[in-house]
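Hi,

Here is the structure I promised to pass on, with my notes below it. Have a look at it first, then read on.

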Amino acid sequence: MDGSDHADQVKPSTNESISAVSSPTTTVANGSKYVPPHLRRQAAAEEGQTSEAQIKLTKQLKGLLNRMSEQNIASIVDGVEEIYRNNRRHDVTETLTKLIIDGISSHSMLLDQYVVLHAAFVSALHKLIGIEFAAFFVQHVVASYDTHFAALKDTATSATAPSDDEPIGKECSNLVVLLSELYNFQVIASILMYDVIRALLDGDLTEFKVELLLKVTRNSGQQLRQDDPTALKSIVQIVHSKLPSDANALSSRTRFMVETLGNLKNNKIKKAAGQTAGNEAVERMKKFLSGLSKKRHVMSHEPLRVSLDDLRSAETKGKWWLVGAAWGGDPLVERQQEAHAQPADAPPPDAPSENALLKLAKKQGMNTDIRRSIFVVLMSADDYVDACERLSQLKLTEVQQREIIRVILHCCGNEKQYNPYYALVVQQLCRLSHSHKITLQFCLWDFLRDMGESTVGGAEILKNLSEDDRAGFNVKSISTTRMRNVARAYGWWLAKDACTLAILKPVDFTVLKPQAQAFMREMFIHLLANTQLSTPLLSSERPEDLPKSRNKGPLEEVFLKGAKIQAVALGLVYFLQTTFKGEEGFLKWASQVALDTLRTGMEVVPVI
């Protein structure tokens, strides 16, 4: 462009605009088409022409990755951040992704520590650089995995299968381990990992697929079970449906995989000897990442919640998980298409859906979101251990946790037959937190007031009676079934130290109404019986249902705690003497041991 300095000073904007368009206007005049800069770089890359800046960038990043170890990973991350500041972000992300994937997708099996180190490095950049880096990296990891997996599938089906001298490449295994470790380090969510597992279970269960499934379950199985046990249960059912009827036809690796999945589903942890080094590396890297979040400003806190289909269709539909990115999907239309595609005679799932449980929760009087969430967890859990784990994942505040006991007591009372599942859940919760024991105490007082014992709880409680009523489930009357179920549950909790007899301190045993008296009798029968049992007593209606053992130790331990408070001890002595007078067999022996313990604990023999 020609022009004097005076002209440049007088009309800078005009000259700048002319210089900006001089090149394209020249090319258009010659009959060629304007090519944007990013397309020029892409064309140059396809022709094998790499710019000097790109070569320098690749060399810098490769040098940092080659020097990376657990001891200097923090300084390597700082070096990469400096490169991000001095170069185009997309160029750095693209080059870094290519270098790491090329290193991980090796033909031979890599050490777990090597993959863990690079996964932790990606997780650190995910936190410091932002979700854009993690999204780009995960998308290309999945694309590389699909490419290698399809190549292996074609090789297996073609006539040119690899011979024994030429082993099958381990690219897919290494990439699956990388995805598992990215999941362990909270870069991706469980959705993607379960999609990968379901994709492996699609079709015949070959030895290679079994190997990949074992990699996933051994590296991140416990985390998968903790995040979504229902999905894990469905995976186990799919695996069993694909097994041959003849157990002898299974290979040793397949049998080991089935055993591993079964142990994982039942929460039986077995640490393999070969996994120790990898697990130790994961724990060390988790400490590094947690320290990073405390020392540095973190850009991204949540894992990437994308599915396998989302990543595979990213180039056509777009990337909804990135802010500002275009997306061409329509979830309403897709949901309708899925509904039409599903056959009308499809069998219903074994477990009730979450929508069905939410409707049932509303029907049961769960009038808040917290109560409905607790109800869904209780109804969909595999066992009481699974229920406690999932309840802890609800991240409830201390005040909100009180609703857990209220919901459990409500559900326990509504059962037509006594279900000990609720008693075991509360017992486990009381082992974990003392606050649940306090809630049990107040819930018992509420229950006794509902049965007409208006003096239970003291003056302060009675003053706030209307508030307590609003906190409950507005049960108009206590049925015999509800009374019996709740009494049996409290009998188990008192026998197993989930709560003590001190919770009966405000109860005046001399003026109990008939329904409250029947409740106390049922509760103490189960309390006496459960001290001799390791599992809850289901029924006490027949004498033969009661235990045959006569062990004084557990009984004395329970009633000695009640003897420390004289008012409680005196009331219990009166109630046990009048209620179990004339009983035979176990109840006569157990009530006498309880009376002797109470009298010994008070160091007096009360005259009643």
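A word on terms before the findings: buried means under 20% relative accessible area, exposed means over 50%, and partly exposed is in between (1.4 Å probe, protein chains only). Please keep in mind that this is a predicted model, where local features need pLDDT of at least 70, side-chain atom pairs count only at pLDDT 80 or more, and totals for chains, interfaces and linings use all residues. Residues are numbered from 1 along each chain as its sequence is written, and side-chain values use heavy atoms, with hydrogens and water left out.

**Salt bridges**

The whole structure holds 19 salt bridges (a side-chain nitrogen of Lys or Arg within 4 Å of a carboxyl oxygen of Asp or Glu). One of them pairs K170 with E211, at 3.3 Å from N to O. K170 sits in the loop between α8 (131-157) and α9, while E211 belongs to helix α11 (residues 207-227), so this pair ties together parts that are 41 residues apart in sequence. Helices here are DSSP runs of H or I with at least four residues, numbered from the N terminus. E211 is buried at 11% relative accessibility, and K170 is partly exposed at 23%.

R88 and D91 also meet through their side chains, at 2.9 Å from N to O; D91 is buried, with a relative accessible area of 11%. In helix α20 (residues 384-392), R390 and D386 are four residues apart, about one helical turn. Their closest N and O atoms are 4.0 Å apart in a salt bridge, and both residues are buried. There is a network too, linking D78, E81 and R296.

**Nonpolar cores**

The largest nonpolar core has 88 residues, of which F121 and L182 touch the most other members. Such a core is a set of buried Ala, Val, Leu, Ile, Met, Phe, Trp, Tyr and Cys residues joined through side-chain atoms within 4.5 Å. Apart from it lies another core of 83 residues, including M366 and F447.

Best wishes

Key:
Helices (H or I, at least four residues) and strands (E, at least two) are DSSP runs, numbered from the N terminus.
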